[in-house]
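Keep the model open beside you while you read, and take the points in order.

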Amino acid sequence: MLLQQLLSIRQEFNEKQILLCFNGPISRSLIEEIGTALRNYLTEDQVGPSVSTDVFSIYIELTQNIRHYSMAKSYADLQGSATVVVARHGDAQYSVLAGNVIERADGAALLEHVQALAAMDKAELKAAYKKQLRAPRDHQDSSGAGLGLLDVARKSTEPLRCHLVETPDGKAFFSLLAVV
């Protein structure tokens, strides 16, 4: 079945200018390898340094968030899998789309948080970033306390978009789109 679909998958990737697509369990070394491939592609595509850095940074932040979440929840490989797509639009715009399985309650909270970030303008995002940067942190919390997602929102040229779909196993699939 998949063998016969490969050509249509390729055609769809070409039509949508998908540069990179990954679906599966993600490790630290895989994040690095894919990131290196992404950087090399952006360099060969002669993308400006600031856009290249933003696309790469967003890719790293989103994939690391997925990996950390999966590890924190002790998900098995299938549940802890990441789905990541990087696509080019026109000459100078890139989309980074990442998704993963998440607990429904966590997904609802994250959806609300991302929607709040999407409603902020650049000045509000900058102020929120500075406020979060100065806020006291729980030393047991290994995450950046939301700084990474704020940084993704600041680097995006469009408001972040997200989607949450409940799955039959009582969890949900969360997806996030950042455009640079």
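1. Let's start with a pair of helices. Helix H2 (residues 28-44) and H3 cross at roughly 165°, and their axes come within 10 Å. That angle is over 145 degrees, so H2 counts as roughly antiparallel to H3. As for handedness, H2 passes H3 in a right-handed crossing. Bear in mind throughout that this is a predicted model.

2. Who makes the contact between these two? From H2 come Arg-28, Leu-30, Ile-31, Ile-34, Gly-35, Leu-38, Arg-39 and Leu-42. H3 answers with Ser-52, Val-55, Phe-56, Tyr-59, Ile-60, Thr-63, Gln-64 and Arg-67. Sorted by class, the contact of H2 with H3 holds 9 nonpolar, 4 polar and 3 charged residues.

3. Next, the core. The largest nonpolar core has 43 residues, and the members that touch the most others are Val-55, Tyr-59, Leu-160 and Leu-176. Which element gives the most to this core? H3 does, with 8 residues. As general background, nonpolar side chains in soluble globular proteins tend to be buried together.

4. Tyr-59 deserves a click. Setting aside neighbours within four places in sequence, Tyr-59 is in contact with Leu-30, Ile-31, Ile-34, Gly-35 and Leu-38, and also with Val-84 and Val-96. Among the H2 residues in the contact with H3 you will find Leu-30, Ile-31, Ile-34, Gly-35 and Leu-38 again.

5. Stay on H3 (residues 49-72) for Glu-61, which sits in this helix. Leaving out neighbours within four places in sequence, Glu-61 is in contact with Gly-148, Leu-149 and Val-152.

6. Helix H5 (residues 122-134) packs with helix H6 (residues 147-155) at an angle of about 160°, and the axes are 10 Å apart. So H5 is roughly antiparallel to H6. The crossing of H5 and H6 is left-handed, whereas H2 passes H3 in a right-handed one.

7. On the H5 side, the contact is made by Lys-122, Leu-125, Lys-126, Ala-128, Tyr-129, Gln-132 and Leu-133. H6 brings Leu-147, Leu-150, Asp-151, Ala-153, Arg-154 and Lys-155.

8. Over to strand S3 (residues 93-103), where you will find Asn-100. Is Asn-100 buried or exposed? Its relative accessibility is 8%, so Asn-100 counts as buried. Beyond neighbours within four places in sequence, Asn-100 is in contact with Ile-66, Tyr-69, Ser-81, Ala-172, Phe-173 and Phe-174.

9. Most residues other than glycine have a negative phi. Gln-46 is not a glycine, yet has a positive phi of about 55°. Gln-46 is in the loop between H2 and H3, and with a relative accessible area of 72% it is exposed.

10. The other one is Ser-74, again not a glycine and with a positive phi of about 55°. Look for Ser-74 in the loop between H3 and strand S2 (82-89). What is the relative accessible area of Ser-74? The value is 63%, so Ser-74 is exposed.

Definitions and conventions
Residues are numbered from 1 along each chain as its sequence is written. This is a predicted model: local features need pLDDT of at least 70, side-chain atom pairs count only at pLDDT 80 or more; totals for chains, interfaces and linings use all residues. Side-chain values use heavy atoms; hydrogens and water are left out. Helices (H or I, at least four residues) and strands (E, at least two) are DSSP runs, numbered from the N terminus. Contact means heavy atoms within 4.5 Å. Axes are lines fitted to C-alpha atoms, for helices over the stretch in contact, and angles run from 0 to 180 degrees between N-to-C directions. Angles under 35 degrees count as roughly parallel, over 145 as roughly antiparallel, 65 to 115 as roughly perpendicular and the rest as oblique. A crossing is left-handed if the near helix is turned anticlockwise from the far one by less than a right angle, and right-handed if clockwise. Ala, Val, Leu, Ile, Met, Phe, Trp, Tyr, Cys and Pro count as nonpolar, Asp, Glu, Lys and Arg as charged, and the others, Gly among them, as polar. Buried means under 20% relative accessible area, exposed over 50%, partly exposed in between (1.4 Å probe, protein chains only). A nonpolar core is a set of buried Ala, Val, Leu, Ile, Met, Phe, Trp, Tyr and Cys residues joined through side-chain atoms within 4.5 Å.
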